[in-house]
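Please look over the sequence and the structure below before reading on. The paragraphs after them walk through the contacts and the surface.

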Amino acid sequence: MQRITAVALVPLTLWFVIAVIGLVGADLETVQNWVGRPLPAILLVLLLIASFYHMSLGLQVVIEDYVHTELAKLGLVIAIRLLCFAFAVAGIFALLTIALGTTS
Amino acid sequence: MRSADRPLSPHLQIYRWQLTSVLSILHRAAGVVLSAGAILLVWWLVAAASGAEAYEGVEDFLGSWLGLLLLFGWTVALFYHLCNGIRHLVWDTGHALDLRSVYVGGWVVVGATGVLTFVAWVAGISRWVS
C-alpha cells in the first residue's frame, strides 16, 4: 500500500498544488465554493485518504528504524495509526460540511 | 542476547558524505515535513468549515513570515519527495539501478525540485500581486 498510495499521490498532489496556487488571495466564500464543487471535493477526499495512509506507513518505518524499545515502538506506531485516521476523518468531515452547505 | 551486546555496524560519522546517502536521508526528512503539512491541510479545511473567524486565523498565520516560511519549506519538501518518490518507483520496477543512473537520477531530482518550487512560487506570487 505504500507504493499504491504513492502512485495515487503523484497526480493528486500535482493537482492540489496547481489548485491552491489558483486560490491564492481568495476569500473564504470563494474557497468554500471551490471545495464544495464535486470534482475538487472528490479529489480532496482521495488526497486526504491517500496522504494519511501513506503518512502512517512512512512514519511507522521511521519509528521502527529509530525507536529500539519494543513497548515505545508499539505505542508510537499505534498512536500514529490512530492520529492519522483521526486527521483524515476530521479533514473529510470538514470538507463534507462545506460541500453539503451545512457550514455554521 | 541483550540489544547492547550485539555487534555494532560502523557509525554514520565514519562515512564520507555522498549524493546517494544524502538524498536518501532527505527523502525521509521531507516525508516527516510533509506529515506536518498534511495536518496543516486539515486545519485549513476545518477552519474553512467553521466560519469566518477561524478562517481568518489560518489566513493570518499563513500570511505571516513564519507561515510563508513554512509554506515554502512545505513546497520544497513536497516536490522533492514527489520527484524522489518517482525515482523510487522506477527502482521498484528494477530499472536504473546501476551506479551511473542512480547519480544521474539523483541530480535530475535535485534540479526538478528547484525548478518546480521556483515555478510554483512565481505563479503563486504573480497571482497574489494581480
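What follows goes from the contact between the chains to single residues.

This is a predicted model, in which local features need pLDDT of at least 70 and side-chain atom pairs count only at pLDDT 80 or more, while totals for chains, interfaces and linings use all residues. Residues are numbered from 1 along each chain as its sequence is written, chains are lettered from A and ligands numbered from 1 in the order in which they are written, and side-chain values use heavy atoms, with hydrogens and water left out.

Begin with the interface. Contact (heavy atoms within 4.5 Å) involves 40 residues of chain A and 30 residues of chain B. Together chain A and chain B bury about 2800 Å², with 79% of it on carbon and sulfur atoms. Of the area that chain A buries against chain B, A:I21, A:V24 and A:L28 supply 18%, more than any other three residues. Buried area here is the accessible area (1.4 Å probe) that two parts lose on being put together, summed over both.

Two salt bridges cross the interface of chain A and chain B, a salt bridge being a side-chain nitrogen of Lys or Arg within 4 Å of a carboxyl oxygen of Asp or Glu. The side chains of A:R3 and B:D92 form a salt bridge, at 2.6 Å from N to O.

B:L12, B:I14, B:Y15, B:W17 and B:I25 make up a nonpolar surface patch of about 660 Å². Such a patch takes residues with over 30% relative accessible area and no salt bridge, and joins nonpolar side chains (Val, Leu, Ile, Met, Phe, Trp, Tyr) within 5 Å; accessible areas come from the Shrake-Rupley method with a 1.4 Å probe, and for residues only the protein chains shown count as cover. B:L12 lies in the segment before α1 (19–50) of chain B. B:L12 counts as exposed because its relative accessible area is 65%, where exposed is over 50%, buried is under 20% and partly exposed is in between (1.4 Å probe, protein chains only). By contrast, A:C84 is buried at 5% relative accessibility, and B:C83 is buried at 13%. Over all chains there are zero disulfides (pairs of cysteine sulfur atoms within 2.5 Å).

Two further residues remain. A:P38 belongs to helix α3 (residues 38–66) of chain A, helices being DSSP runs (H or I, at least four residues) numbered from the N terminus. A:P38 is exposed, at 60% relative accessible area. Its C-alpha atom is separated by 22 Å from that of A:G25, 13 residues apart along the chain.

B:A96 sits in the loop between α3 (65–92) and α4 (99–129) of chain B. Most residues other than glycine have a negative phi. Phi of B:A96, however, is positive, near 55°.

Technical notes:
Patches are made of residues with over 30% relative accessible area and no salt bridge: like charges are joined within 9 Å, nonpolar side chains (Val, Leu, Ile, Met, Phe, Trp, Tyr) within 5 Å. Helices (H or I, at least four residues) and strands (E, at least two) are DSSP runs, numbered from the N terminus.
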